[in-house]
Amino acid sequence: MVFRSKDKKFSVEIVLPIRMEMEAYASVAYRQETGGILIGNYDQGQSLASIKQITGPTSDSRGSFSWFERGTRGLKKLLDENWERGFYYLGEWHFHPFNSPTPSGQDIQQMQDIAKSTIYKCPEPILIIIGGSEEHFQLRAFVSIGSKKLIELYAANTDYDDNLVQQS
Ligand SMILES: [Zn+2]
């Protein structure tokens with residue numbers, strides 16, 4: 001499924017197996033926040049990011065019911081290996097157990113820090129948040145552009161649904 005900014009300048013493709021993998025990590029974590037990084041590539045115009053791979057929590061990640069601190073163990077090696085194949089760090093994902101997938105102030109700050117970081121070399125990092133629980137997971141996607149707040153990316157079929165509503 002493609003998620004797109006309202007101005008359609010930025011899109012991210014999240015295929016079902018990737019979404020299911022995040023939800024599987026969330027199911028295991030149950031009442032703890034968990035998360036990892038997004039790896040993939042961009043189309044030539046840099047406007048469509050495709051997530052090809054995600055990670056779960058690294059062994060040095062820490063989480064509780066209401067916060068998550070992603071560690072870094074093993075990620076440099078993984079990213080170096082991917083770099084050689086043309087896949088890059090695209091951003092972050094994490095889980096808000098039994099809560100809405102709405103970014104916290106800390107989430108927004110973290111993405112701004114990553115956008116400026118010379119380690120990640122990713123000026124427009126994506127943030128995916130999974131909310132809810134196993135009975136009903138929700139997903140929201142965002143991109144951090146410059147020093148602005150997060151911009152939401154909407155499921156491409158949301159536009160389609162809006163059109164249907166307008167027609168009826
Ligand atoms: Zn969060």
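Reply: Let's start with a pair: Ser144 has Leu150 of strand 10 as its bridge partner. Strands here are DSSP runs of E, at least two residues, and helices are runs of H or I, at least four, numbered from the N terminus. This is a predicted model: local features need pLDDT of at least 70, side-chain atom pairs count only at pLDDT 80 or more, and totals for chains, interfaces and linings use all residues. Residues are numbered from 1 along each chain as its sequence is written.

Me: How many bridges join strand 9 to strand 10?

Reply: Four, and the two strands run antiparallel. Strands pair if DSSP finds at least two bridges between them. Strand 10 also pairs with strand 1 (residues 2–4), antiparallel over two bridges.

Me: Switching topic: which residues are buried in helix 3?

Reply: Gln110, Met111 and Ile114. Buried means 20 or more other C-beta atoms within 10 Å of the residue's own, exposed means 12 or fewer, and partly exposed is in between, with C-beta atoms placed from the backbone.

Me: What do the buried ones pack against?

Reply: Strand 8, strand 9 and strand 10. Contact means C-beta atoms, placed from the backbone, within 7 Å.

Key:
Contact = placed C-beta atoms within 7 Å.
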